[in-house]
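Here's a quick briefing for anyone opening this structure for the first time. Have a look at the sequence and the model, then work through the points below.

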Amino acid sequence: MTILCVRFQLPPMYEAALPELLGLLEEFTPVVEALPPDGALADLRGAERYFGRDAVELASVIRVRALALYGVDCVIGAGPSPMPARMALRDARPGLTRAVPEGAVAEFLAGKPVAALPGVGTATARTLCEYGLDTLGRVAAAPLSTLQRLVGAKTGRELYEKANGVDRGRVVPNGVSRSLAADRPFDRDELDPDRHRRALLSATEELGARLRAVDKVCRSLTLTVRYADRSATTRSRTLKEPTAHSAALTRAAYDMYEALGLQRARVRSIALRAEGLASAEQASHQLTFDPVDEKVRRIEEVADRARAKFGPRAVMPGSLAA
């Protein structure tokens with residue numbers, strides 16, 4: 001076991017703390033891949049030799065340091081490669097590392113539902129289940145040619161290899177995340193357009209606050225609306241200028257929503273993703289000389305300081321709407 005998949009138990013909208021926690025992992029290995037908003041992969045092959053401890057022992061040290069230095073607990077999965085480490089994380093609990101030994105990957109995967117495998121989407125899982133391949137063990141036992149006929153040559157081979165415990169993935173050190181996402185599921189399939197818009201408002205205020213917390217702006221916004229029949233519609237829009245201003249994000253989100261022309265649609269969830277992240281210091285802002293806009297921006301600054309001091313619930317969703 002040389003790969004750790006760590007998820008820090010950060011409060012919502014506290015992604016600004018992630019870089020410091022990544023720095024904690026980098027004290028053990030330079031091969032760290034951020035998985036925003038609250039996770040990371042770490043390759044500990046060199047660290048195991050250097051510290052004379054295995055990955056599970058190092059995971060315990062990481063957990064203790066995260067608690068002692070930042071007051072943040074974490075859950076950790078360990079495996080011989082990124083894919084089993086990610087899946088082990090789902091079975092992990094605070095204070096306990098879920099480890100999958102190198103020779104036991106196929107056995108660990110066998111009882112898992114096929115949809116649990118990273119990269120297997122809803123449509124692929126549905127196709128496989130229709131043919132009785134509802135677990136990874138059954139997928140692993142199926143002939144490669146059968147899988148390729150069902151889901152395509154490339155996808156079939158990748159699925160066959162992963163189900164048999166063969167993972168060609170690796171940990172790729174990366175920089176700051178290029179996107180942030182906010183998802184708003186409904187308790188039941190929602191018909192009311194006003195509730196849809198309130199969900200959009202809540203999501204854009206969250207994205208704006210998270211962007212400002214890490215001194216970033218986004219260049220585009222992607223809206224995904226999922227329906228009761230499990231279908232989805234996705235629309236993207238490039239913003240007039242890179243921004244972290246919640247009101248600007250809200251206007252763009254509303255425009256995309258209105259353009260869908262939904263008529264009594266039963267909506268299961270609404271998700272927004274801010275993409276094309278860049279440094280706020282390098283972004284330009286077109287002055288509008290609009291006193292309302294300037295007032296809202298000042299209110300945002302006050303709200304951000306309140307969140308930083310008192311937590312994410314210090315400002316109620318919708319309170320910054322212009």
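A residue counts as buried when its relative accessible area is under 20%. Cys5 comes out at 3%, so Cys5 is buried. Keep in mind as you read that this is a predicted model.

**The chain as a whole**

- The chain has 322 residues, and 44% of them count as buried.
- Take the contacts in the chain with a separation of 6 or more: 66% of them join residues 24 or more positions apart.
- The accessible surface is about 17,200 Å², and carbon and sulfur atoms make up 51% of that.

**Cysteines**

- You'll find zero disulfides here.
- Cys74 has a relative accessible area of 0%, and since the cut-off for buried is under 20%, Cys74 is buried too.

- As a general point, the strands of a sheet pair through backbone hydrogen bonds, and they can do so parallel or antiparallel.
- β2 and strand β3 (residues 39-43) run antiparallel and are joined by four bridges. Across that pair, Leu35 stands opposite Gly39 in β3.

- How many of the residues of strand β4 (residues 74-79) are buried? Six of its six are, so to speak, under cover.
- In a regular strand, side chains alternate between the two faces of the sheet.
- In β4, both faces are covered. One side has Cys74, Ile76 and Ala78, the other has Val75, Gly77 and Gly79, and all of these are buried.
- Strand β1 (residues 3-8) pairs with β4 in the antiparallel sense, over six bridges. Val6 has Ile76 as its bridge partner in β4.
- With strand β5 (residues 97-99), β4 pairs in the parallel sense, over three bridges. Here Ile76 turns up again, standing opposite Thr97 in β5.

**Helices around the sheet**

- What do β4, helix α4 (residues 82-89) and β5 make together? They form a β-α-β unit, and a left-handed one.
- α4 is mostly covered, with seven of its eight residues buried. Those buried residues are Pro82, Met83, Pro84, Ala85, Met87, Ala88 and Leu89.

**A link across the sequence**

- Tyr254 belongs to helix α11 (residues 246-260).
- Which residues does Tyr254 touch, leaving aside those up to four places away in sequence? Tyr254 touches Arg197, Leu200 and Leu201.
- Tyr254 and Arg197 are 57 residues apart in sequence, with 7.1 Å between them in space, C-alpha to C-alpha.

Methods
Residues are numbered from 1 along each chain as its sequence is written. This is a predicted model: local features need pLDDT of at least 70, side-chain atom pairs count only at pLDDT 80 or more; totals for chains, interfaces and linings use all residues. Side-chain values use heavy atoms; hydrogens and water are left out. A disulfide is a pair of cysteine sulfur atoms within 2.5 Å. Buried means under 20% relative accessible area, exposed over 50%, partly exposed in between (1.4 Å probe, protein chains only). Contact means heavy atoms within 4.5 Å. Accessible areas come from the Shrake-Rupley method with a 1.4 Å probe; for residues, only the protein chains shown count as cover. Helices (H or I, at least four residues) and strands (E, at least two) are DSSP runs, numbered from the N terminus. Two strands pair if DSSP finds at least two bridges between them. A crossover is right-handed if, with the strands pointing away from the viewer, the path from the first strand over the helix to the second runs clockwise.
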